[in-house]
Structure formats: C-alpha cells, structure tokens
Protein chains: 2
Amino acid sequence: MASKPSIPKGTRDFSPVEVSKRNYITAIMRTHFENFGYQPIETPSFENSDTLMGKYGEEGDRLIFKILNSGDYLDKVSTEELLDLNYKKLTTKISEKALRYDLTVPFARYVVQHQNEIEFPFKRYQIQPVWRADRPQKGRFREFYQCDADVVGSTSLWQEVELVQLYDSIFAALGLNGVTIKINNRKILSGIAEVIGASDKLIDFTVALDKLDKIGEDGVKKEMLEKGISEEALVKVQPLFHFTGTIHEKMEKLSALLSSSEEGMKGIAELRFICDNVNKLGLQKAILDLDVTLARGLNYYTGAIFEVSAPEGVAMGSIGGGGRYDDLTGIFGLKNMSGVGISFGLDRIYLVLEELNLFPETVTTATKVMFLNFGESQAFEAMQAIQQLRNQNIKAELYPDAAKVDKQFKHAERRAIPFVVKEITNGMYTLKNIVSGAQTQVDLSELISLIK
Amino acid sequence: MASKPSIPKGTRDFSPVEVSKRNYITAIMRTHFENFGYQPIETPSFENSDTLMGKYGEEGDRLIFKILNSGDYLDKVSTEELLDLNYKKLTTKISEKALRYDLTVPFARYVVQHQNEIEFPFKRYQIQPVWRADRPQKGRFREFYQCDADVVGSTSLWQEVELVQLYDSIFAALGLNGVTIKINNRKILSGIAEVIGASDKLIDFTVALDKLDKIGEDGVKKEMLEKGISEEALVKVQPLFHFTGTIHEKMEKLSALLSSSEEGMKGIAELRFICDNVNKLGLQKAILDLDVTLARGLNYYTGAIFEVSAPEGVAMGSIGGGGRYDDLTGIFGLKNMSGVGISFGLDRIYLVLEELNLFPETVTTATKVMFLNFGESQAFEAMQAIQQLRNQNIKAELYPDAAKVDKQFKHAERRAIPFVVKEITNGMYTLKNIVSGAQTQVDLSELISLIK
C-alpha cells in the first residue's frame with residue numbers, strides 16, 4: 001500500500017489534546033449525572049436489526065449502518081432473490097445486525113430486557129458513540145457521541161424540574177454562562193391546534209410558527225394560510241406572534257388563549273409546576289425560557305419539550321434537547337413506562353468551549369517533566385527519580401536515547417513539556433523551566449514540590 | 001414486537017455496577033499510562049476495508065465485521081458478479097468499511113496518516129472496543145475492549161524497561177499481587193532454532209516446547225522428532241527441558257547454549273539490559289520471569305515478547321501481553337518505525353478482581369441519600385436540601401412520587417442507598433441509616449458531614 005492511508009468520510013481521529021478536552025467535558029457530565037442519581041449503563045455497539053429498524057422512520061432506516069453477516073452470507077439467498085435486485089429485501093437476508101443509531105431505542109430495549117432486575121423508577125445515563133450514514137458536513141459526523149440522561153417509570157414532574165437543574169449544573173461547571181434552556185409542552189401545542197380548530201394541522205402550524213424569527217409575522221401567516229389554516233384561526237393565535245415578556249407573563253397569555261382546551265390547560269399546569277419550582281430553587285447560570293415554537297421530536301414527545309441554545313453571540317444550533325415520552329418501552333411490549341430525558345451534544349459543546357476559550361489550561365495529559373538522556377548510567381539515575389515522581393502522580397519521562405542535547409530539548413518543546421531535568425549530580429537535579437528559561441538546582445523532594 | 005428483545009450473541013449490556021467496576025479499572029490504567037508519558041488517542045470504530053483486510057491473516061479477514069454500503073449497494077454490481085455466488089468477491093463490491101479488529105493496525109494507520117503532526121518518539125495509549133466475528137464462548141466476546149500502550153519511533157530498550165514497570169504499577173494499583181510478567185525475545189528463539197540447525201522449524205519447535213508443562217519432556221521430544229527436528233538438536237537443547245532457577249541463572253544457561261549464534265546473543269544482551277535495569281529499579285508487586293517458551297505473535301514480534309499471567313491460584317489465561325515489532329508502520333508505507341507496546345485484557349482483569357474480591361467497596365455510582373416524598377411542599381424543601389448536597393458532590397435524590405412510605409423505603413433498600421431522610425421539620429432533618437437502622441436529627445451542615 002503506497003498511498004497514504006485515510007479514514008472513512010464522516011469519521012475522525014482524535015489527537016491526545018482532543019481526547020483530553022472531550023474527556024474533560026464527559027467527566028463533568030458523569031460527575032453531575034451521578035450527583036443527580038443517574039447511573040451509567042452501556043449497551044452493545046450493534047443491535048439485532050429488528051431492534052432498530054422501523055423505529056426512526058423511513059429516513060432513519062436508510063441511515064442505519066448494517067453489518068454484513070459473517071461467513072458465506074449468500075448461502076441462504078436464492079438466485080431469484082439475488083436477481084430481484086431489490087437491495088432492501090436482500091439486506092434482510094444478508095444482514096442481521098446494525099450499528100446503534102441513537103441511545104434511546106437501545107435504552108428502551110435494555111429496560112424491557114432487564115425489567116426484572118431493574119428497580120423503578122430507573123435513572124440512567126449513557127455516553128457512547130452512535131453511527132448514522134448521513135451526508136457528512138461541517139459539524140455533522142457519521143460517528144459521534146451522544147450523552148443522555150433519562151428516567152423511566154415515573155410520571156412525577158420533579159423529574160423535569162431536576163433535568164432543568166441538571167442542564168444548569170453541567171453547563172455552569174463547564175463555565176458556560178448564559179445558555180438558554182427553552183421549554184415547551186406537547187400538550188400546549190396540541191391545545192393551540194385544538195383551539196384554532198386545526199388539530200390535524202399541528203405539525204404544519206408548528207413548523208410555520210418556528211420560522212417567526214426568519215420570515216416575520218407576515219411570512220408565517222402566509223405559510224399558515226397556504227397550509228389550510230383559517231383566517232379565523234390566525235386571529236385567535238395572534239398573541240403568539242408577539243409572544244414576549246417573562247416566562248410568567250407568557251404563561252398568563254397562554255392560559256387565556258387555551259382556556260377552552262382541557263389538554264392545553266393540562267400542559268400549562270405542567271409547565272407552571274416545572275417553571276415555578278425551578279424558579280424558586282434557582283438556577284446557577286442558565287436562563288429558563290418558554291418557547292411555544294419548540295417542537296423537536298414532536299412525533300414521540302408527550303409532555304415537556306426541552307432545547308438548550310448556546311450563549312448569545314455564539315453561532316451554534318442547539319447544544320442539547322429532550323423531553324417526556326409517555327410510552328418509551330411500548331415498542332418492545334412493555335406498556336405504561338413513562339420516560340423523560342435530556343441529551344447533550346458533545347461535539348457542539350466542544351466547539352462552543354473552544355470558541356469561548358473555556359477549556360482550562362490544565363486540561364492536558366501532557367508530560368510535566370522530561371529527563372535528558374546522556375547514556376546508560378545517567379539514564380538509570382534518571383529512571384530512579386522518574387519512578388519517584390510517577391509514584392507522586394507526576395507525569396515524568398526519560399528521553400529514550402542519548403541523542404544530541406539540542407534534539408532532546410526540541411522534543412520537550414514540541415510536546416509542550418514545561419520542565420526538563422538537564423543534569424543529575426550527587427543527588428542534585430538541574431531543572432530548567434522551558435517556558436521561563438529559569439534554571440535551579442534542587443534535591444528530589446524539592447523537585448517533586450516544584451513540579452507539582 | 002411481542003417477544004422480549006435481545007442482543008446479538010457475543011455482545012453484552014453493562015449494568016451500572018458493571019460499568020462502575022470497568023471504569024474503575026480503566027481509570028487506574030489511564031492515570032498510570034499518563035504518568036508514564038503515554039497520551040490518549042481515539043480512532044474511528046470503522047476503517048476503510050483496505051486498511052484492515054490482509055493485516056491479520058486469512059482467519060483474521062474472516063473474523064472482521066464488514067459494513068454494508070449505504071443506499072442501493074447493488075447498483076454497481078453486475079448480474080454476472082451476483083450469479084458468481086462468490087461471497088468474498090461480492091463483499092468487496094458491496095462493502096467498503098469494516099469494524100476495528102484490534103487497536104494496533106489503526107494505530108499504525110494513525111501514525112502514518114498524521115506523521116507530520118506527530119513528534120517522535122510517540123507514546124500513545126488507546127482504550128476502545130474492538131469487534132471480532134469469533135464464535136462466542138465463556139470469556140470470549142464479539143465486542144470487547146482493548147487497552148493498549150505503545151511507543152513508536154524509538155529502539156531504546158528503556159521503553160521495554162518502562163513497559164515492565166507500567167504493568168507492575170497498574171496491577172499494583174489494582175491490588176493484584178503476584179502477577180508474573182513473563183519475558184522472552186524473538187532473537188533468542190531464532191538463536192535456538194539456528195543453533196540446533198532448524199531455523200526453518202522455529203514455530204514447530206516453539207509450539208512443541210510450549211507444551212512442556214502439559215505433556216512432559218518425553219512428549220515434547222516426541223513431537224519435535226515428528227516435526228523433523230533431529231536427535232542431535234534435541235541433545236543441544238536439553239537444558240531447556242529443565243529450565244529453572246533465577247532469571248539470571250536462566251540467562252547464563254542460555255548464553256552457554258547460544259554462544260555460537262550472533263542473533264541469539266543479541267537477544268540475550270537485550271534481555272539482560274531489560275532484566276538488569278528492571279531488577280535494579282525494583283518492582284512493586286509483580287514478578288519478572290524469563291519464559292523461553294513464550295512466543296505469542298511470533299509472526300510480527302522482532303525483539304522482546306511479554307505476557308502477564310494472573311496470580312497463582314487464579315485459573316485465567318494471560319491478562320496482558322505485548323512486544324517489540326521493528327516494522328509497525330511498514331504496512332502503510334512508512335519504514336523504519338520500530339514500535340513496542342503492551343496490552344491489558346480488561347475482561348479477564350475484571351474477572352480476576354471479582355474472583356479475588358479486589359474491587360473496593362467505594363466503586364459504585366449509587367446514590368448516597370434519598371429523601372422521602374410526602375407531597376409537593378415537603379418535596380420542595382427536600383429539593384432545596386438536595387441542591388446543597390449535590391453542590392457538595394454528594395449523590396442525592398428525592399423519591400419522585402408521594403408514594404407509601406414502605407414503598408419508598410424499599411426502593412432505597414433495593415438500590416442499596418445507605419441513607420434516607422425521613423422528615424424535615426424546621427430546618428432539622430431526620431436521617432436514617434438503612435444499614436444500621438440508627439436515626440438522628442441534624443441540621444443541614446451536620447447532614448452534609450454525616451453523609452460525606
């Protein structure tokens with residue numbers, strides 16, 4: 001193989017610096033997930049195809065990576081089936097497994113499969129890669145991590161309160177001030193559609209309303225009329241076009257609008273419980289706001305809907321989202337298991353922290369001190385000292401060969417190793433600070449405390 | 001879907017306890033890898049097929065999981081190619097990507113692809129899953145983690161010294177006393193074969209010698225004769241059949257045996273450097289031993305060969321292995337890059353720690369304290385306290401519903417939550433220790449310090 005090797009499009013190699021920064025983010029997530037009582041599980045990278053297929057719509061089915069059966073996978077395929085040239089049908093014959101597409105369906109599968117071992121309500125988090133055969137583009141990959149926290153088996157709205165707090169805690173710990181946690185409720189959206197007599201046009205209505213920022217009031221109204229929503233309905237929802245004010249003012253406006261819809265009022269009651277309690281308990285850094293245009297995952301959310309946007313001024317889509325789904329495990333035959341969960345977008349959070357320069361300088365796995373190598377006997381003395389340093393959890397190394405001093409120094413510089421031990425004489429170490437150029441002679445215990 | 005869902009054979013779900021224990025092991029590995037100057041990288045789960053195919057022999061090619069191309073993968077396949085019914089040929093037409101089979105080939109690919117960004121010698125570690133379409137059996141999975149530390153771009157034997165120390169440090173930190181790090185050298189094996197005039201029978205010779213424990217001296221000799229090794233040769237290697245003593249005694253015996261083989265003597269010199277320095281620097285808990293029958297990965301190792309066996313009395317195969325390979329990156333066109341590395345068997349180490357009861361009791365992500373729920377206003381007070389506890393990194397939870405007290409207590413017991421707050425009155429908390437049954441009334445700061 002003469003040509004330089006490469007990796008499949010949409011995938012990435014992560015360098016030591018990138019791994020360290022990603023681990024910094026996920027370590028903070030893990031700590032807070034666990035402080036909130038969420039426990040880690042892990043599921044296999046591939047699932048049986050019938051666990052995944054049909055769960056994400058037609059588009060999803062297409063984007064799922066399928067794994068070819070091992071051995072002679074043509075063995076059980078008839079010539080007719082082959083000549084049919086129907087690749088979708090053939091796939092079911094030659095592939096039984098598929099790569100995980102998200103963490104929600106495997107979680108539902110896990111809950112149903114292990115229902116007898118699980119103590120409900122079950123709070124779990126999961127940080128694992130998922131794969132999608134999507135067209136790769138800036139910020140969209142074919143392999144990427146999802147970071148999910150969900151609780152299943154409880155309809156208590158305290159779960160929603162807590163998930164807002166969890167978002168706040170994690171983003172605060174990451175130093176990310178001013179993220180907005182947008183909240184909505186599926187029942188409110190249904191209520192609006194009901195009130196305006198367009199229950200069948202819920203999605204059209206929501207999609208149009210969502211464009212308010214971009215195309216303005218007139219544009220949205222035009223689109224709604226085109227979709228068959230009546231003039232009369234538009235008059236009723238007029239307040240939504242100037243939907244400003246505090247979260248409580250917004251709730252008052254909605255209450256007036258939805259007073260005739262039982263479901264809508266139920267949505268408002270849920271929203272009120274969540275927002276009031278979040279408000280009274282207080283958030284550290286995040287802003288909670290009601291966004292009636294928020295509708296992500298409308299197909300399966302049944303209650304609260306969440307989405308988190310990066311601080312103002314950072315051009316980035318949502319960095320998290322989630323919601324309540326009343327029938328999480330129904331697809332696998334276990335009824336009446338309400339779930340609510342949130343997800344963190346690791347890649348985007350990474351980009352935001354990078355842009356705002358929020359990674360602490362200490363986020364590095366780089367070696368702290370390198371000992372120059374002047375040949376075997378001096379190297380042995382160095383290794384004795386290095387052993388002591390490592391026992392003190394100091395990242396220490398010997399340059400492996402007795403190369404020219406210049407070359408050894410350059411190695412330390414290129415690797416951003418801050419300290420170099422130049423010489424060892426009678427148990428005294430000549431330590432050079434590569435950054436400042438300062439040089440001192442110290443004994444081993446001083447060496448340890450200087451580097452620590 | 002009515003039947004209970006399942007996962008593909010050879011794969012596993014990991015429960016919270018299992019994830020915690022696995023993370024405990026890998027966290028210790030990471031700390032020590034980094035103390036030793038190894039830095040983390042991550043590579044994609046799937047590689048281009050031509051990166052992997054042909055690198056692991058015919059058997060390996062068979063065991064690599066192939067990913068079906070997305071979309072209509074039959075589009076570019078002719079009817080003739082289909083009717084050929086040659087699944088291996090067809091695979092190259094309908095599959096371009098394959099799941100990682102180990103971490104070594106992706107590492108070599110990474111080094112060649114990023115050679116201009118890498119400062120050599122490059123010490124990297126990698127802890128990621130790999131996939132093999134092997135027949136699943138006890139302790140053998142189709143998805144499992146590898147934990148590798150390698151250095152590339154240095155022929156210094158200090159690397160080998162350090163890797164022995166690294167094994168020792170990690171197993172010591174895991175509390176695993178008395179592991180044996182077996183060492184050998186490919187050049188010694190070649191030297192023996194040379195000395196007995198059977199250079200072409202190196203593998204037959206080694207395979208037979210390896211059975212000494214099982215089939216005894218006579219059995220081994222019989223097998224060697226059958227493989228065409230001469231009576232005369234057997235006389236020469238007679239010392240290997242009673243190859244006991246200290247590592248230095250063994251080296252003396254080998255020196256005598258191999259005195260006429262330049263390569264063999266080179267192997268002994270390398271071995272001597274490594275063992276002498278390891279010995280002088282000292283190991284914490286592990287035993288270093290010379291095992292001339294050790295030949296793992298004979299196909300690509302060119303110098304030192306390592307294998308770690310669990311402490312005596314634990315029936316478990318090797319829990320680690322590695323060695324020096326002088327041409328790691330040659331397969332991708334980058335010559336003269338010597339590498340040496342070691343690997344840790346996570347699954348087996350897990351089983352050994354479990355068997356010896358070596359997981360600390362603190363290895364758990366379980367919640368520390370649960371507050372009973374008696375309805376909204378009391379729950380709110382609980383949430384206020386919980387917020388304070390979580391800020392102190394105490395894993396705390398509210399039972400989500402105002403269920404019967406008995407049910408709430410049982411939930412805490414089943415989840416092994418050690419403390420329950422039963423009541424909150426005037427800022428005083430009634431704390432019950434579930435294990436001892438003891439009960440106290442404390443204020444918030446006392447609550448925090450009690451639980452911490």
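The lining of the second largest cavity is made up of 4 nonpolar, 2 polar and 3 charged residues. Here Ala, Val, Leu, Ile, Met, Phe, Trp, Tyr, Cys and Pro count as nonpolar, Asp, Glu, Lys and Arg as charged, and the others, Gly among them, as polar. A cavity is a set of points on a 1 Å grid over the protein atoms alone where a 1.4 Å probe fits but cannot get out, and lining residues have an atom within 4 Å of a point. This is a predicted model, in which local features need pLDDT of at least 70, side-chain atom pairs count only at pLDDT 80 or more, and totals for chains, interfaces and linings use all residues. Residues are numbered from 1 along each chain as its sequence is written, chains are lettered from A in the order in which they are written, and side-chain values use heavy atoms, with hydrogens and water left out.

The second largest cavity has a volume of about 60 Å³, a volume being the space filled by probe spheres set on the points, which are joined across faces, edges and corners. Its lining includes Glu397(A) and Arg415(A) from one chain and Lys123(B) and Gln159(B) from the other.

The largest cavity has a volume of about 90 Å³. Among the residues closest to its centre are Lys123(A), Gln159(A) and Glu397(B).

How are the two chains related? Chain A can be laid on chain B by a turn of 180° and a shift of 0.0 Å along the axis, with an RMSD of 0.1 Å, superposing by least squares the C-alpha atoms of residues with pLDDT of at least 70 in both. The copies are therefore related as by a two-fold rotation axis. In chain A, Ile67(A) comes closest to that axis, with its C-alpha at 2.2 Å.

Technical notes
1 Å grid on protein atoms, 1.4 Å probe; cavity = no way out; pocket = protein on both sides within 12 Å on 5 of 7 lines; lining within 4 Å.
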